[in-house]
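Reader: I am new to reading structures. Please take one part and walk me through it closely.

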There are 2 protein chains.
Amino acid sequence: MTLYVNLAELLGARIEQGLYRPGDRLPSVRALSLEHGVSLSTVQQAYRLLEDNGLVAPRPKSGYFVPQHRTLPALPAIGRPAQRPVDISQWEHVVELVRSSPNKDVVQLGRGMPDVTGPTLKPLLRSLAQLSRRQDMPGLYYDTISGTPALREQVARLMLDSGCTLSANDLVITTGCHEALSASIRAVCEPGDIVAVDSPSFHGAMQTLKGLGMKAMEIPTDPLTGISLEALELALEQWPIKLIQVTPTCNNPLGYVMPEARKRALLNLAQRFDVAILEDDVYGDLAYTYPRPRTIKSFDDDGRVLLCSSFSKTLAPGLRIGWVAPGRYLERVLHMKYIGTGSTATQPQLAIADFIESGHYQPHLRRMRSQYQRSRDQMIDWVTRYFPAGTRVSRPQGSFLLWVELPEQFDTLKLNRVLLEQGVQIAMGSIFSASGKYRNCLRMNYAAVPTPVIEAAVRKVGENAIRLLAEEANAG
Amino acid sequence: MTLYVNLAELLGARIEQGLYRPGDRLPSVRALSLEHGVSLSTVQQAYRLLEDNGLVAPRPKSGYFVPQHRTLPALPAIGRPAQRPVDISQWEHVVELVRSSPNKDVVQLGRGMPDVTGPTLKPLLRSLAQLSRRQDMPGLYYDTISGTPALREQVARLMLDSGCTLSANDLVITTGCHEALSASIRAVCEPGDIVAVDSPSFHGAMQTLKGLGMKAMEIPTDPLTGISLEALELALEQWPIKLIQVTPTCNNPLGYVMPEARKRALLNLAQRFDVAILEDDVYGDLAYTYPRPRTIKSFDDDGRVLLCSSFSKTLAPGLRIGWVAPGRYLERVLHMKYIGTGSTATQPQLAIADFIESGHYQPHLRRMRSQYQRSRDQMIDWVTRYFPAGTRVSRPQGSFLLWVELPEQFDTLKLNRVLLEQGVQIAMGSIFSASGKYRNCLRMNYAAVPTPVIEAAVRKVGENAIRLLAEEANAG
């Protein structure tokens with residue numbers, strides 16, 4: 001772990017342990033530099049990380065303070081996955097989640113659904129409608145297999161913001177990020193191969209490994225800084241890993257942004273062991289900081305990073321438009337994309353290209369980022385208020401997903417059953433593990449603007465959790 | 001081969017050899033029954049098959065005649081593929097084809113693109129536009145993984161026409177027929193498995209086998225009646241075949257409709273050897289006869305047939321909406337669909353459901369069927385007129401694709417290079433074989449209403465073929 005992350009963790013622990021109270025002034029940069037024998041810039045980096053995580057607040061010319069208004073619950077613990085490749089289970093729980101469709105009688109906190117009701121999306125809907133009225137009906141024709149050039153050009157432009165200088169020809173448009181992941185994995189791996197994944201990790205990617213006959217090697221992952229490079233290095237030494245699959249920016253489900261230095265270090269590891277990296281950046285544009293964080297792909301100088309993303313989280317998932325920048329695997333990915341679905345639907349590609357080109361994308365992102373950041377604070381407040389004492393929560397630095405950890409003996413399977421009867425859907429923690437760990441965890445969506453209905457739903461989750469814990473304590 | 005097919009082939013050969021001339025009356029049903037020692041109904045079946053193939057024409061109360069207006073070119077020869085499973089090649093030629101996008105400077109005869117310019121599709125475009133204006137924006141949300149119930153219900157209703165009584169719950173909506181094929185193959189087979197295919201066969205399905213690490217066992221296929229059951233039986237006896245993949249109704253590229261009795265016999269074979277059948281019915285609704293032919297799936301009583309189809313040929317490919325009726329493989333297919341693309345785009349599903357429910361589908365089909373049938377006759381006329389002597393052509397009984405066989409030494413690779421410079425695209429025969437056979441064949445699309453521009457393009461294909469053949473003869 002790098003020095004500044006170490007220091008940030010130390011300070012963070014002191015704040016969470018109550019050594020510094022809300023409103024307290026924290027030690028100056030100079031004092032900490034002397035105390036820990038590190039450079040001024042290391043201390044500054046540490047403070048910036050703590051600030052990103054809401055644990056400290058800067059005041060101009062006065063230094064850093066513990067924020068007044070609230071005490072954050074503790075962070076989730078670092079997972080302890082099996083130290084060997086495992087076959088992936090949990091499909092029966094995943095399918096339950098993905099079988100659900102929008103339903104006005106259920107508050108759906110379980111899926112990775114963005115808020116699509118805002119006014120900044122209207123121009124996209126107008127584009128879609130206009131395309132249907134065009135005399136040449138471009139939406140009805142087969143597209144070229146790589147995707148509409150107009151959209152690839154716009155995506156290449158957007159990717160400049162994450163530090164990538166790519167051309168339209170380096171990109172393949174896909175049917176959502178899901179197809180990007182699937183084609184990328186098949187482009188690199190054979191059945192039986194081992195893929196290292198951050199843990200907890202997106203269930204869709206893990207089910208893809210399962211479906212393709214691969215094994216997952218789950219690597220312990222820090223809830224603030226991402227996949228443990230030490231554990232990953234050990235795994236790379238011990239196992240013939242083919243691919244490292246991570247979501248380093250606005251991680252799903254933990255919400256962290258892996259610091260840039262660690263992204264570089266991860267790439268170095270991959271180069272040293274000559275493995276490919278699948279970088280899932282689907283939430284990357286929803287980071288709360290501006291400019292958005294750089295991707296691992298932006299440091300990639302030998303084409304080993306396959307960057308997968310989509311407009312499903314930034315615009316709307318129902319459109320099913322994603323992309324992959326597959327580096328040296330371009331031809332393989334194209335073949336895998338062809339055999340998966342053939343060419344991608346034309347109309348949504350053209351509508352999105354028009355939306356971006358007309359300058360609607362950045363204003364929409366700005367609006368959604370600030371909405372999600374406010375909703376995050378509200379959601380953490382509700383969890384703090386309604387959930388059992390000792391509940392731990394993540395500190396999302398982007399996107400709209402909160403990871404909640406209940407006491408170790410808790411079982412969200414039971415909770416889920418009770419909640420479904422009460423019209424509330426959550427995502428059970430176990431689907432984020434290849435081997436069904438994190439049974440005491442759950443993921444909740446906070447994309448929507450907070451309402452009393454959502455508060456009531458979160459309250460139901462918390463109150464049922466308290467009741468189930470009490471019942472268990474009585475039974476035991 | 002069944003008796004009536006045998007008899008039809010014998011009569012067909014006599015007609016094509018000139019034993020009966022245009023306008024001649026053919027032997028009566030009774031006479032042939034006596035001559036060949038078969039039942040009256042066998043002769044009637046044989047005549048019906050010949051009629052379907054344009055070789056005879058009935059006149060009320062007078063019997064059967066050789067059609068006056070034209071002599072059809074001979075049928076393509078039955079292929080002689082390798083009698084063992086092979087690895088699939090040809091990706092470099094397929095990708096060339098699928099990289100193309102609509103281009104007004106090129107007459108694209110190469111792709112499986114229907115005519116989408118007719119007035120009967122307008123209500124579909126209206127539906128798409130209306131959905132974009134709806135306040136609840138259903139097109140932006142994640143759909144349930146199986147597909148929108150409204151569309152599944154309509155598809156189940158349509159499938160009654162091919163003899164299938166299924167419910168919405170027996171169906172999974174996919175991103176085009178391509179995903180249906182891909183998910184079905186992965187649901188049944190593992191890498192290394194052998195799949196028996198008709199030959200020539202759709203390049204997309206074969207590239208899918210290649211991409212998934214399977215081998216193809218190409219089975220000789222009759223240009224009028226489909227895959228040879230005798231050769232298939234032999235292959236099933238000799239090799240551990242896991243799946244039989246066929247396009248029995250309006251075959252791509254040969255255009256035949258496999259007779260019903262042979263469809264049943266194929267299913268019996270599959271039952272005897274306990275293998276699954278993947279039935280590609282994507283062109284089935286475009287059969288020129290009404291009611292449309294039954295599917296193998298309609299006879300399936302133990303769930304071993306996975307029927308794959310889509311609206312790409314009947315409505316428009318740019319929508320990317322297909323489906324699969326996976327029988328006993330439903331849960332596996334659902335998993336494979338999930339890991340391929342997640343849920344399917346919502347808006348085109350809703351628009352198509354609305355189009356069918358409002359009664360627009362059947363009138364549209366009727367119009368397209370008769371347009372395609374007329375274009376077929378025109379295209380065969382052009383080929384007869386402009387192509388080298390001895391050119392053989394298929395007798396499409398549906399869809400909009402003609403298979404053309406040039407003299408054995410001919411190489412369409414050279415022809416293709418020349419044509420691309422002249423603004424004409426064809427599909428080379430070699431991509432329809434796992435091992436690159438059929439180099440002397442090509443497939444042409446006749447979906448569009450015939451125009452002088454298309455005639456000029458077909459003429460270019462023919463004239464270049466004549467020139468290349470002459471050059472080769474001189475060189476040799």
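Author: Start with the polar contacts between domain 2 and domain 3 of chain A: 16 residue pairs make one, both residues at pLDDT 80 or more. A polar contact is a pair of N or O atoms within 3.5 Å; within protein, one must be able to donate a hydrogen and the other to accept it, and residues adjacent in sequence count only if both atoms are side-chain atoms. Salt bridges between domain 2 and domain 3 of chain A number zero. That term needs a side-chain nitrogen of Lys or Arg within 4 Å of a carboxyl oxygen of Asp or Glu.

This is a predicted model, where local features need pLDDT of at least 70, side-chain atom pairs count only at pLDDT 80 or more, and totals for chains, interfaces and linings use all residues. Residues are numbered from 1 along each chain as its sequence is written, chains are lettered from A and ligands numbered from 1 in the order in which they are written, and side-chain values use heavy atoms, with hydrogens and water left out.

Now see which elements take part. On the domain 2 side of chain A, helix 4 (91–98), helix 13 (361–386) and strand 13 (401–405) each give at least two residues to the side that touches domain 3 of chain A. Helices (H or I, at least four residues) and strands (E, at least two) are DSSP runs, numbered from the N terminus. Helix 13 of chain A has the largest share of that side, eight residues. By class, the domain 2 side that touches domain 3 of chain A holds 19 nonpolar, nine polar and four charged residues. Here Ala, Val, Leu, Ile, Met, Phe, Trp, Tyr, Cys and Pro count as nonpolar, Asp, Glu, Lys and Arg as charged, and the others, Gly among them, as polar.

Where do these domains lie in the chain? Domain 2 of chain A covers 91–117 + 363–474, and domain 3 covers 121–361. Such bounds come from an automatic or database domain assignment. The centres of domain 2 and domain 3 of chain A, taken over C-alpha atoms, are 25 Å apart. Their contact (heavy atoms within 4.5 Å) takes 32 residues from domain 2 of chain A and 35 residues from domain 3 of chain A.

Last comes area. Domain 2 and domain 3 of chain A bury about 2900 Å² between them, and carbon and sulfur atoms give 63% of it. Buried area is the accessible area (1.4 Å probe) that two parts lose on being put together, summed over both. A:His364, A:Leu365 and A:Arg369 supply 22% of what domain 2 of chain A buries against domain 3 of chain A, more than any other three residues.
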